[in-house]
Every structure is written in C-alpha cells, then in structure tokens.
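Q: I have the sequence and the model open and would like to go through them with you. Could you start with the overall layout?

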Amino acid sequence: MKKILGLAAMATVLLGLATGCAKSDEDMQPITKENGLRESVQGKWRIERVNNKLCRSGTCTSVMYTGTANDYFEFKPDSAYLQRASMQSSNSVYRDSFKADYSQPNSFVLSNFGWSARFRVMHRDQRLLVLEGIYYGSDLSAIFTDTYYLYR
C-alpha cells in the first residue's frame, strides 16, 4: 500500500509539472541523440510541474502537481534525488533517492527497492528538461506515466 501511495504521489508531482510549461506537447518530441545524456541532465533541476497518469484496464486518470519553491530533482552520475512537497500533508516533504543507469539510448532508468522506471528525455536545453517516466504497478494492468517539467 505504501508503495502504491508513493507511486501515486510521484505521478501527482509529474502531472503538476506538465501544465505550467510554455511549450506545447507537440513541441516535446523525443530526443534521438544520446551524446552526453548523463552530463546534460546532471545537476539540480527545479520542479515546475508533474503530470501523473494511471491507466488500469483501459481506463486512465490524470493528476497534476505544481512544484513549490523547495521542490527539486537532482541527477548525479550514478544516482538521483527527489524532494517535493507531500501530497498528503501540507507541512511535510517527500524525499526519495534512486540508483541511476544511463546506459540506455535517449533514456535512463531510476530504481530503488525493487521499483524501477525508464525515463525518456522528451526535451532538453540549458533551461528546460522534460522527462517521461513509465513504470508498472504490482498489478501488471496498472501503468503509471509521469511527465516531469524541470527547469534551472
């Protein structure tokens, strides 16, 4: 149950990032070049919003999380760290750390405690990073898609 709540919260964060970006979804085509992916995403990125989408047996629900001043996603050569306001309590902060694997072309995998998600880079430049993460719940018919809109 805790894992599902965590995934739902992450999905909510991702949903929030998607609505505040000036670029349209049509502008967010996947990047096809892997050159320097690890280096280009490294560092601390502020969370603008996160679009969280859960699809189960053909039915989808979406939630958006809008980032706060203290929210960020930090990427390091072999790990990543997420901090954002909690969706359950206005006074608490959600923190999570991940192992990062950048060996995939145009994507990377973040994992912790038996959970992993592949993040595809939809857009990146010096100031904006858009990531789409897809992972499956314990019920294989549940597919979570989180789109992070990050900025520096």
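A: From the N terminus on, the elements run α-α-β-β-β-β-β-β-β-β-β, that is, two helices and nine strands, where helices (H or I, at least four residues) and strands (E, at least two) are DSSP runs numbered from the N terminus. This is a predicted model, in which local features need pLDDT of at least 70 and side-chain atom pairs count only at pLDDT 80 or more, while totals for chains, interfaces and linings use all residues. Residues are numbered from 1 along each chain as its sequence is written, and side-chain values use heavy atoms, with hydrogens and water left out.

Q: OK, what percentage of the residues count as buried?

A: Of the 152 residues of the chain, 43% count as buried, with buried meaning under 20% relative accessible area, exposed over 50% and partly exposed in between (1.4 Å probe, protein chains only). The chain exposes about 8200 Å², of which carbon and sulfur atoms supply 52%; accessible areas come from the Shrake-Rupley method with a 1.4 Å probe, and for residues only the protein chains shown count as cover.

Q: And what share of the contacts is between residues 24 or more positions apart?

A: Such pairs account for 59% of the contacts in the chain with a separation of 6 or more, a contact being heavy atoms within 4.5 Å.

Q: Switching to disulfides, how many are there, and which cysteines are joined?

A: The count comes to one disulfide, a pair of cysteine sulfur atoms within 2.5 Å, and this one joins Cys-55 to Cys-60 with an S to S distance of 2.0 Å. The torsion about the S-S bond of Cys-55 and Cys-60 is about 110°, so the disulfide is right-handed.

Q: Are those two cysteines buried or partly exposed?

A: Cys-55 counts as buried because its relative accessibility is 17%, whereas Cys-60, at 43%, counts as partly exposed.

Q: What about salt bridges, how many do you get?

A: The count is three salt bridges, each defined as a side-chain nitrogen of Lys or Arg within 4 Å of a carboxyl oxygen of Asp or Glu. One of them pairs the side chains of Arg-49 and Glu-48 (2.7 Å, N to O), and Arg-49 counts as buried because its relative accessibility is 1%.

Q: Which pairs link distant parts of the chain?

A: Asp-139 and Arg-56 meet in a salt bridge at 3.6 Å, N to O. This pair links distant parts of the chain, with Asp-139 in the loop between strand 8 and strand 9 (142-151) and Arg-56 in strand 1 (residues 43-56), 83 residues apart. Glu-132 also forms a salt bridge with Arg-120, the closest N and O atoms being 2.7 Å apart. That pair, too, links distant parts, Glu-132 in strand 8 and Arg-120 in strand 7 (residues 115-124), twelve residues apart.

Q: How do Glu-132 and Arg-120 come out, buried or partly exposed?

A: Glu-132 is buried, with a relative accessible area of 17%, while Arg-120 is partly exposed at 32%.

Q: Last topic: which residues form a nonpolar patch on the surface?

A: Ile-134, Tyr-136 and Leu-140 form one, with about 330 Å² of accessible area together. Patches are made of residues with over 30% relative accessible area and no salt bridge, like charges being joined within 9 Å and nonpolar side chains (Val, Leu, Ile, Met, Phe, Trp, Tyr) within 5 Å. Ile-134 lies in strand 8 (residues 128-136) and counts as partly exposed because its relative accessibility is 33%.
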